[in-house]
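Let's take a friendly walk through this structure, starting where its chains meet. Have the sequence and the 3D view ready as you read.

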Amino acid sequence: VKNKPFIITKRDFLRVAGTGLGAGVAAGVMPFRPQPARAALSGTVNLVTWPNYAVQENLDSFSAKTGVKVNVIVGSSTGEFQAKMQIGSTGWDVLVANNLSVPVFKQLNLIQEIDTKRLPNFDIGSVGKRYMGPGLVEGKVCGIPKDWGTSGFVVNSEKAQAPTSWKEFFDLAMGPLSGRVIIPDEQLSAIGCALKYFGYPFGSVDAKQLADAEKLLMQVKPHLFAINTDYQPPMRNGDAWLAAAWSGDAMQLNRDNKKMVYGFGKEGNEIWGDYYMIPQDTQNPDAAYALLDFLLTPENNKKEIVFTGYASTDSRTDALLPKEILDNPIIYPPSTVPFEFNTSAAMIDAGRAEIYARFKAA
Amino acid sequence: MSMENRPRTTTALLLAPAGVIFFFLLILPSLVVLVYSFGERAPMGGYQPALTFSNYLNLPARGKAFVNTLTLAPLGTAVAALFSFPLAYFLAMRCSDRWRSTLLIMVMAPFWTSQLLRYYAWIMILGSKGIPAWLAMLGFGDIQLINTPWAVLIGAIYAYLPLMVLPIYVSLEKLDRRLLEASADLGASPWRTFRQITFPSALPGVAAGSMLVFILLMGDFVLPLFLGGGKVFFIGNALVDLFLQSRNWPFGSAVGVSLVAIMFFIVFIYMRFVLGSSGTRRVALV
């Protein structure tokens with residue numbers, strides 16, 4: 001669910017700035033191909049992930065250990081990953097995307113089954129059932145959990161009272177906090193929160209419920225400060241006071257400013273996980289497995305968790321984590337908060353996609 | 001191979017690389033986009049073949065994006081031209097040779113850093129702690145600039161100004177100064193000389209700069225994203241969303257085809273009438 005349309009566009013822009021729009025589009029469609037694997041563990045492994053989501057130290061140690069160069073490709077949304085893999089010839093070897101995309105990508109034959117025997121440092125038994133479940137497609141391992149997180153909202157408590165529900169969140173946005181609220185630029189979260197206003201499920205694809213959500217979104221749009229996934233700068237700057245947010249961003253904001261408080265709606269909140277996947281047409285499967293195995297080694301996985309601020313799925317990693325992370329309610333929220341997973345149906349639903357596109361274009 | 005044929009063969013050979021590139025990277029993809037625009041969205045997103053006009057009939061759903069783009073792109077171009085002309089005039093006609101190259105380099109200097117960084121700087125400048133805070137101190141009250149059409153307009157003028165200044169400068173620099181002397185000798189006032197000699201000579205530069213800025217602005221999606229905060233939506237943003245978020249490629253193709261058609265129409269009208277009536281040679285343009 002951690003989609004970042006804002007950031008990818010920056011990347012796209014960098015391409016565009018150098019080579020012109022046409023070349024930028026071409027580059028988007030045809031990223032460079034990696035060197036083909038000559039022997040076991042050589043060449044390059046192309047790791048596709050979210051911005052600020054891979055620990056450079058881990059990648060450097062992997063390269064030093066194996067001689068395989070890691071090329072990090074930053075992406076913005078699962079939709080973008082899907083679009084690029086459907087076009088083909090991505091050259092991607094390891095992909096990080098959310099729980100919802102695992103069954104969709106597998107069904108579209110974009111990713112392959114993962115042979116856990118080739119991952120000696122991974123122990124499926126130490127992964128919580130709640131997290132391993134979404135990685136399985138028809139009982140086969142197609143995604144391996146990287147971490148999990150939640151969606152809620154961040155409020156600048158110096159400026160505004162924290163809402164206690166999604167209903168309050170939107171009523172504040174259209175009332176006293178008009179011009180100060182941000183909704184992330186991402187279909188699942190934006191429509192999901194709006195559905196919660198009426199008490200509907202996050203992952204609803206029901207036409208009537210979606211129509212209600214669309215009406216609310218259209219009403220709130222003129223009152224929003226921005227529809228933007230890069231909500232940290234305006235929150236830090238004091239331009240915006242309340243934002244629907246992911247736990248990792250909330251942790252980073254709260255770490256730097258204790259006035260930034262993470263809260264949840266009492267109607268329910270989203271829980272999600274990110275998963276490692278191996279694309280169907282990887283050119284360097286040996287290196288892909290080696291990189292996965294390296295990152296899933298508890299000592300290395302711990303560094304990923306500490307860096308990103310999302311919670312671990314592996315009890316062996318939990319055992320290594322410092323107490324302040326395990327006790328941080330932003331990362332590991334209290335069990336009293338209601339959570340639900342979103343649905344893959346919501347991710348691929350044409351109706352939701354079109355409603356969101358209309359909301360953006362309004 | 002006869003001697004008469006050789007020059008033609010040479011010409012063909014020399015043109016071949018560019019021709020191949022244009023064919024495979026412009027004409028062929030454009031045809032693909034055209035074909036896709038009559039297709040349907042596949043159930044999981046993407047394209048599936050069909051023959052339907054529904055994508056074109058659905059265009060009004062993106063009407064606001066067309067309106068935003070078709071307002072802010074021409075406006076940005078016009079204001080950029082207005083701001084650029086005096087600067088280009090100064091650089092070409094009034095500036096000492098010693099300063100000219102320094103100033104020209106300064107015009108181009110922003111291009112040496114990432115556009116991204118400059119947009120982030122503008123987010124700070126236009127954010128509540130920037131210009132609005134200064135305006136508030138002067139008693140203008142609480143004004144929001146960032147994430148409004150004004151922010152996008154300011155960003156457009158800033159970002160594209162050099163692309164406008166340089167062509168105008170080039171056309172003014174070529175101006176034969178003896179014409180100005182002759183005009184003065186024949187009794188024309190400075191204003192009349194400007195109106196009848198300087199300005200018409202600069203028009204090809206204004207036209208080239210305007211086309212450059214207008215066409216780039218029409219397709220821009222980064223500027224509205226950064227300075228419009230998702231609230232000022234361009235056709236470019238609609239395209240990014242349709243291809244990458246909602247993955248409705250056929251509708252995206254239809255929007256793309258319409259954008260190209262609109263641009264062709266506007267550029268055609270512009271070349272034909274604006275330049276045709278100015279009395280300048282159209283060859284200087286393209």
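Predicted model: local features only at pLDDT ≥ 70, side-chain atom pairs only at ≥ 80, totals over all residues.

## Where the two chains meet

The contact (heavy atoms within 4.5 Å) takes 45 residues from chain A and 37 residues from chain B. The size of an interface is often given as the accessible area lost when the parts come together. Here, chain A and chain B bury about 3,600 Å² between them, with 60% of it on carbon and sulfur atoms; buried area is the accessible area (1.4 Å probe) that two parts lose on being put together, summed over both.

Three salt bridges are counted between chain A and chain B. A salt bridge is a side-chain nitrogen of Lys or Arg within 4 Å of a carboxyl oxygen of Asp or Glu. Asp142(B) and Arg180(A) meet in a salt bridge through their side chains, at 4.0 Å from N to O.

Residues are numbered from 1 along each chain as its sequence is written, chains are lettered from A and ligands numbered from 1 in the order in which they are written, and side-chain values use heavy atoms, leaving out hydrogens and water.

The mean pLDDT (the predictor's confidence in each residue, from 0 to 100) of chain A is 88, and 89% of its residues reach 70 or more. Over residues 1-39 of chain A, pLDDT stays under 50.

## Salt bridges within chain A

Over all chains, the count comes to 20 salt bridges. In one of them, Glu304(A) pairs with Lys146(A), the closest N and O atoms being 2.9 Å apart. This pair links distant parts of the chain, 158 residues apart: Glu304(A) sits in helix α12 (residues 298-308) and Lys146(A) in strand β6 (residues 144-156). Helices (H or I, at least four residues) and strands (E, at least two) are DSSP runs, numbered from the N terminus. Both Glu304(A) and Lys146(A) are buried, where buried means under 20% relative accessible area, exposed over 50%, and partly exposed in between (1.4 Å probe, protein chains only).

Lys167(A) forms a salt bridge with Asp171(A), with the closest N and O atoms 3.0 Å apart. Because they are four residues apart in helix α6 of chain A, Lys167(A) and Asp171(A) are separated by about one helical turn. Lys167(A) is partly exposed at 39% relative accessibility, and Asp171(A) is partly exposed at 32%.
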